[in-house]
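Hi everyone, thanks for coming. Let me put today's structure up on the screen, and then we'll walk through a few spots together.

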Amino acid sequence: MPELPTRLSADGVVPSRGTFDGYARFRSDGRRVLDLAMGIELYKDRDLAVRELYQNALDACRYRRARQEYLDRTTGSPGEPYTGSISFVQGLDDDGRAYLDCVDDGIGMGEAELRGVFSHAGARFAEQLEFKLERARWESLDPPVKLYPNSRFGIGVLSYFMLAEEIRVTTCRMDTDGVPGTEYEVSICGPGHLFRINQKAARGRVPGTRVRLYLRNDIEPENWSVIDVLRQVLGIAEFATTARKGGLTAVWEPGQLRGRRMPPNTGAGLNAHGVKSHWSAHDGGGQVVWCEHGGALLVDGLIVEPTLRKGVFSATGPGLTGAVVNLCGPSSVARLSVDRRHVLDDVSLMVRKMLEQATDALTEVDGDLPGFRWLCRVAEASATLADIAACAIASHGLELTYSGMAFGGRLDGCFPADLDLVPKDPHQEPRYGVGPWGNVHDDAPDHIYLWRILDRRPERALRTLAEVCPEIDAPRPVRRPRPSDQWLLMSNRPGSHSLKWHRQPFDLQDIAQAADNLQCTSLEVAARLAGLGFPDTDPRHWEPGALLTTANSTVFKTTRVDALTRGKPLTSADLMRAAQRANDTVAPTSALLRRFGFHVPAKVENLCRSAEKDELLWLNPQRPSDGCLDPDTPVSLGHIAQASIRLEIPVPEVCRRLMAHGLHASPGRLPNRPTPESMLLLSMDLDYEPPWVDQRQPLSPGHVLFVANELGMEPTDVLAEFTALGFSLPEVFPADADANDLSALHDEFDGQYLIPPGPISYGHIFHNVRDLNGLRHRIHRLRAYGFDITVAVPRRPTSLDREILSASGPLNWWLVNTDEALPFAHVLLAARSLGASPGAIAKRLHVGNIPTSHDNLPKGLSFREALRLIRADEVEEGEVPTVAKFPLEYLHKTALRKRTSIRHIVSLLNDLGIPVPDPADTIRAALARVPRPRPTTPDRESRPNR
């Protein structure tokens, strides 16, 4: 007996003549074979087969409805109106096989459709010639008959095999004259098998299709439910739709949102529930359902997510919060992902327009929609959508009240952070949080805090401010806020759960990105930010016609350390880096910067343009991003020596070429032909590369020791070499200088060496010192190099001395210099850590010649209250309270809490060594930046003082 084959395939197999009425096999559209392959990879979720079943049934019902309408209008004998229906049934057949049926009374399929579309993955019925001809006839009517197929490119029926091991289809097509045609039965045992197409009846009773999927063995019917799947993906059915499993049935009424509360910890599927209000476009071009909880974007009733997220869309999650938008008919999108779960087109403007049109439905609801909590949830997801809702609330004369505070009205506007920001008067009810938008756990910028006080006008809070600055009572109107104002002022946006106020200057990329998100122009955002008290953004600095986009804004994006600002001229390094970010040359980059108000000196631009042609002008030819030489800074000897060696030209020629560009280039005592050894000596890191030793400054003793140690030279020889090159030597250099002193002389922060006599940070004295004997030695060595060090180790040290006079102790020595008194707030933190009294610690510090700002706590202030006053619980380990931690909001609210004046709080903080400025100056500076109404629209943008 021959061996059985190890593998069987249907490749090349065709039925013998007369075996079947007809047959077909699965094929793919050659034009899209690559996309198809990607699609199979994307179809990871087997439940997508249910979505595919529904979409095919929906198309069939739409097709029949359109054909029926055409026949009714052209034959003059209209029949019963076609309503359409789709049903899903999950069960067991007589043989105990688990199946899923999808039944529709749509257009059905004939043999041509079975062969040309059903079996052809990637094909669309809308592209078939028969349909195109029929559609042309429909559209010749006035008004035309419209059909918007949801059929889009995908793997189609192939996806059924993610659920099925076998498919059986019974179908009857409605002919063009409205009569049922031949009824067919199709059997498919797998994607690689032949279709068996049999004629079941010459004429069927009714048009429609039944698709039965015999479920795969790895699907456990008791743990998988078509009802659950449909409830996850189907929000709004266009035709009456039902799903049944055993005794359970779910029903979707046509055109109505079937709400669903997403189970916790699942994060999948439709989530929209609570109070709802419906709106439909008059042309059938979509629906909006405002909902109390959740939200979603639907296409043809099925849940999708936007790929391009801006405007009304949230940055994460389903895409919409507070509303369900269904795009269908004329508003249906052109492109979906292959798995049909993501919209590839930018539909943000279309969805925004629909939501704006639907606002009447929002304001006609009773109950908690719209409510303040709802508006906060919407704002957290999309400030643009919150603006739309807030505008509708105000225009309809509504007002949202929460914890005794009104929001959304014509006067109050909507700034949810007011709930936590504005101090409440004693008679007002307590306020409780409503998420990050209502509780911003961060102190607001002074002028924003003052704006909200002047807008809400709590009596006691205003009175406390007026005691310090009487101008606060001047009757001037303030700007009426909207939710996107708060969004613009937040630094962690969008969708963050730890919101903070934006404190750093806004750069132009911030503005361009905000404009793209809010779907307005960069000019409008810049003007709004200027109106919100950030004058550096004022577009009046821009040239007329300047157009800022997300593309060209990358030129302006820098680190906060070297941010481009209008307040100072740009350097050559600024300009060269900007040109590199723009991927452009210097001239157009310079023109772009000037267009937006930046000062590019002509000499800087000219030098940078020359550098594009002459590498002699680059700071480091190996790293163009370092920029070029600065026209106002003398050229370093190291740069001259390196250029002479690299270009093989004498030093005088290098200097002549540099001076021809207007640079200060002196050869000093460099030989005409420097040696590599000279260039090595001039390199700060001894690597023949910049940065170079600065001949304008005296040499630091640490650098001399470093060179000697690295090159195996005596320090005296190093000093002689630098003297020969014309450098100024250290005033003091001990004869017993040793490489072991390097750690004491090195600045850990900037990587350079300390320059005597100081001042230096106390941290340099204590760094890497193990005990008090080591501290004595460190102090002795620093004094030997000429540093002015007054610190002394007590003659009879105590255990407390050993704790505090240590780099690993409770005091952060790096934050105070030797010419400064140690702020008493630092002493407080050390006292809390060690369990000692602040006075005792201050006394021991004085014994060590370390002054403190005060000897003890201010009179009447307890240790516990002092810790609270300096916000000790908010200070990270190793950090200390700084002036920035005590803005107006904190000072004001602390004064209200302690029932005292702001001046008294500032006085206490000053006594604790925190140099908080005069509160009158702080308030006046903030008052000058308070957002005021635009003169053109005072009634809409302002609220008068009351």
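Let's begin with Arg 452, which sits in helix H11, spanning residues 446–456. Please keep in mind that this is a predicted model. Is Arg 452 buried or exposed? Its relative accessibility is 0%, so Arg 452 counts as buried. Its side chain makes a polar contact of 2.7 Å with the side chain of Asp 418, and another, of 2.8 Å, with the side chain of Asp 455. Beyond residues up to four places away in sequence, Arg 452 also touches several others, including Phe 415, Leu 421 and Pro 481.

Next, helix H5, residues 226–233, where the buried residues are Val 226, Ile 227, Val 229, Leu 230 and Val 233. Looking down the axis of H5, you'd find these within an arc of 165 degrees, so they line one face of the helix. Among the elements covering them are helix H2 and strands E3 and E4. At the start of H5, a side-chain oxygen of Ser 225 comes to within 3.2 Å of the backbone nitrogen of Ile 227.

Finally, the sheet. Which order do its strands take? This open sheet of 6 strands runs E12-E13-E16-E14-E15-E17, with mixed pairing. E12 and E17 are at the edges with a single partner strand each, so one side of each has no neighbour in the sheet. E12 pairs with E13 in the antiparallel sense over 7 bridges, and His 278 has Val 289 in E13 as its bridge partner. Helix H6 lies across E12, E13, E14 and E16, at about 120 degrees to E16.

Conventions
Residues numbered from 1 in each chain as written. Predicted model: local features only at pLDDT ≥ 70, side-chain atom pairs only at ≥ 80, totals over all residues. Heavy atoms only, no water. Helix = DSSP H or I, 4+ residues; strand = E, 2+ residues; numbered from the N terminus. Buried < 20%, exposed > 50% of the residue type's maximum accessible area, 1.4 Å probe, protein only. Polar contact = N/O pair within 3.5 Å; in protein donor to acceptor, adjacent residues only side chain to side chain. Contact = heavy atoms within 4.5 Å. Arc of directions from axis to C-beta. Pairing = 2+ DSSP bridges. Axes fitted to C-alpha atoms, helices over the stretch in contact; angles between N-to-C directions.
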